[in-house]
Amino acid sequence: MQHAANALKAAHKPVGRDLSAAGLRAFFNIARDWGLDTDEQIVLLGAPGRSTFFKWKSAPEAADLKRDTLERLSYLLGIYKALQILLPDTAAADTWVKKPNSAPLFGGKSALDRMLGGNVADLVAVRQYLDARRGGWA
């Protein structure tokens, strides 16, 4: 009976590689839309080695990401989605991350500058800022 329960759990749980591949594909699409260079992408992904980064980019289906990288991807996807909601004009949403921002969180710099601090907390701060702007939780 225990074996059947474990099999059922496994059937409903995304496989690590499937989740990793989907997250990476989405990330590389976002990076394209935001006009991020390779170094910026590497920082946002948590500073994997360059060879690892290029393996992920060329074959996302072979990646099995660690929890930290998956968490980073989750925040980046949330930031992207929040921008699409707040700024329905796709071009405005995609350029927002690079524009100077006078909000205290950014101190005149861009959201991308904040996110490139390299810490997950930087991604969390931007995500919470956008969620608060659209009336969500902060």
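1. Let's start with Phe 54: in this predicted model, Phe 54 is partly exposed, with a relative accessible area of 38%.

2. Which other phenylalanines join them? Ring pairs link Phe 53 and Phe 54 with Phe 27 and Phe 28 into a cluster. A search of the whole structure gives 7 aromatic pairs. One of these is Phe 27 with Phe 28, an edge-to-face pair at 5.4 Å centre to centre, with 65° between the planes. Phe 53 and Phe 54 are also edge-to-face, at 5.1 Å centre to centre and 80° between the planes.

3. Are Phe 27 and Phe 28 buried or exposed? Phe 27 counts as buried at 2% relative accessibility, and Phe 28 is buried with a relative accessible area of 13%.

4. Now for a helix pair. The axes of α5 (residues 67–86) and α8 (residues 120–133) come within 9 Å and cross at roughly 25°. Angles under 35 degrees count as roughly parallel, so α5 is roughly parallel to α8. The crossing of these two helices is left-handed.

5. By class, the contact of α5 with α8 has 11 nonpolar, 2 polar and 6 charged residues.

Definitions and conventions: Residues numbered from 1 in each chain as written. Predicted model: local features only at pLDDT ≥ 70, side-chain atom pairs only at ≥ 80, totals over all residues. Heavy atoms only, no water. Axes fitted to C-alpha atoms, helices over the stretch in contact; angles between N-to-C directions. Helix = DSSP H or I, 4+ residues; strand = E, 2+ residues; numbered from the N terminus. Parallel < 35°, antiparallel > 145°, perpendicular 65-115°, else oblique. Left-handed = near helix turned anticlockwise from the far one by under 90°. Nonpolar A, V, L, I, M, F, W, Y, C, P; charged D, E, K, R; others polar. Phe/Tyr/Trp six-rings, centres within 6.5 Å; stacked < 30°, edge-to-face > 60°. Buried < 20%, exposed > 50% of the residue type's maximum accessible area, 1.4 Å probe, protein only.
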